[in-house]
Amino acid sequence: MSAINNIKKWMKDPVSFVEDNFKVIPDEWQRDVLIAFNNNQRLAMLASKGVGKTTILAWLCWYFLVTRSHPKIAATSISADNLSDGLWSEMSKWQQKSEFIKNQFEWTKTRIFLKQYPETWWMSARTWAKGSNSEQQANTLAGLHADNIMFVLDESGGIPSGVMAAAEAALANDMGDNTDAKLVQAGNPTHLEGPLYSAWGKERKLWHVTEINSDPENPKRSPRVSKEWAQQQIDKYGKDSPWVLVNVFGRFPPSSLNALLGYEEVEAAMNRKIFADDYINAQKRLGVDVSRFGDDSTIIFPRQGLQAHRCVEMRNARTNEIASRLIAAKIKWSSEVEYIDGTGGFGSGVVDNLIQKGFHPQEIHFSSKADDPRYFNKRAEMWFRMAEWIKRGGCLPKDEQLLRELVAPEYYFKNGKLILEDKDLIKEKIGFSPDRADALALTFSDEERPTGLGELGVLNRAEDARQRANSEYDPLDPNRF
């Protein structure tokens, strides 16, 4: 069959285009999307983790490039790296599987074009610079005009709403039988705002929405995700976990889950009383959020199991002064491990000072990789562990500033992982840096452990704790040194 006859067939049947060119059988949900493409201007795919949404985007882009006359496609994603590593790489992968497409089209790092008409028959990669304002972001997809035009948004769950505006305006180009305008987006349900959330919710009547998940009980689940893995996530974290909702069930988390902690939960922890026997067998820890000078404070926060004691605040303290205070606290309170914030480099001097004196503090970087794959970074992991500790019975000192810090941050999803609101944004919201909460969070840098002899060989830990068991106890009170 000639190329022209093939294209005529493919124009009516996108499934045959995929099967003929790429030698694959689409999944059931992918077949549904391919069939819906020709009959809908707007297509949105709401997907859980690993179901193959970038693959279907690449197939649709190649289909549009091959079957439309002099088309223009603009593609974007949440970042330049994501677009390059995701959709753009996927376009190259599928091109290599089709001799027809390899012969007709040229792939470059930012542009794909028909060799015969490179100026008028193409697809381009478009992104916005980091730090761009809303107007600059909106201009990402602006300026395209063609009888056949298509806009593609990959990972649209995290794309700003303004980016969609220019694409929406271009749909007016679809004026007759010889023109076509498409708007296609796909992403994980990670943000309760933006193009994907609007398509799923208030604008649903305008969109053909396909929901794809890996729910083990769903007969139409994506076969690309292991049932065993999906069930493990459900068993480990629970069906209502935001991680499971997004990555297994492909659903938006409830809006109420955006706040990590509520006032009632924190106030309950601050009014809670526990007995020494509830925590004497747990490891004694110090969390240290270091600030050099300025408005922020250095905070030393002691915690033993379910009991967090009052923190100590130091302002404009030098690294040797902070280290000396920590050594005194370690000797008097017999702490077993000290977690020091190394972010920004201020804490590194304290760590070095302690090491020179023969101690073994743990330097923690908030931006480092989390141990648990649910979390985007170490900071999110520590804060979520702290929130879970508060909810399951943790006891906090009465501290109005700490309360405000703990209830301030919200969380969202980035690349399918939980991430906490930026510290600078929290500071703008409450008027000061959440140093106390960060110091307490540092005590959750790793999993809870039972008490041991520790570096200083404390032998009477249980009796010592019984004598001092109340939530107002301050193990770092300078009068005790």
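Ala, Val, Leu, Ile, Met, Phe, Trp, Tyr, Cys and Pro count as nonpolar, Asp, Glu, Lys and Arg as charged, and the others, Gly among them, as polar. The views below show a predicted model.

**View 1. The second largest pocket, by residue class.** The lining of the second largest pocket holds 10 charged residues, 6 polar and 6 nonpolar. The volume of this pocket is about 480 Å³.

**View 2. Around the centre of the second largest pocket.** A set of 22 residues lines this pocket. Closest to its centre are Thr343, Phe366, Arg379, Asp422 and Lys423.

**View 3. Elements at the second largest pocket.** Strand S16 (417-420) gives at least two residues to the lining, and so does helix H17 (423-430). H17 supplies the largest share, with 3 residues.

**View 4. The largest pocket and its centre.** The largest pocket has a volume of about 1,100 Å³. Its lining counts 34 residues. Which of them are the closest to its centre? They are Ile78, Gly158, His191, Tyr412 and Lys414.

**View 5. Elements at the largest pocket.** Helix H5 (80-95) and strand S15 (411-414) are the elements that each give two or more residues to the lining of the largest pocket. S15 gives the most, with 4 residues.

Notes
Residues are numbered from 1 along each chain as its sequence is written. This is a predicted model: local features need pLDDT of at least 70, side-chain atom pairs count only at pLDDT 80 or more; totals for chains, interfaces and linings use all residues. Side-chain values use heavy atoms; hydrogens and water are left out. On a 1 Å grid over the protein atoms alone, a cavity is a set of points where a 1.4 Å probe fits but cannot get out, and a pocket is an open set with protein on both sides within 12 Å along at least five of seven lines; lining residues have an atom within 4 Å of a point. Grid points are joined across faces, edges and corners, and a volume is the space filled by probe spheres set on the points.
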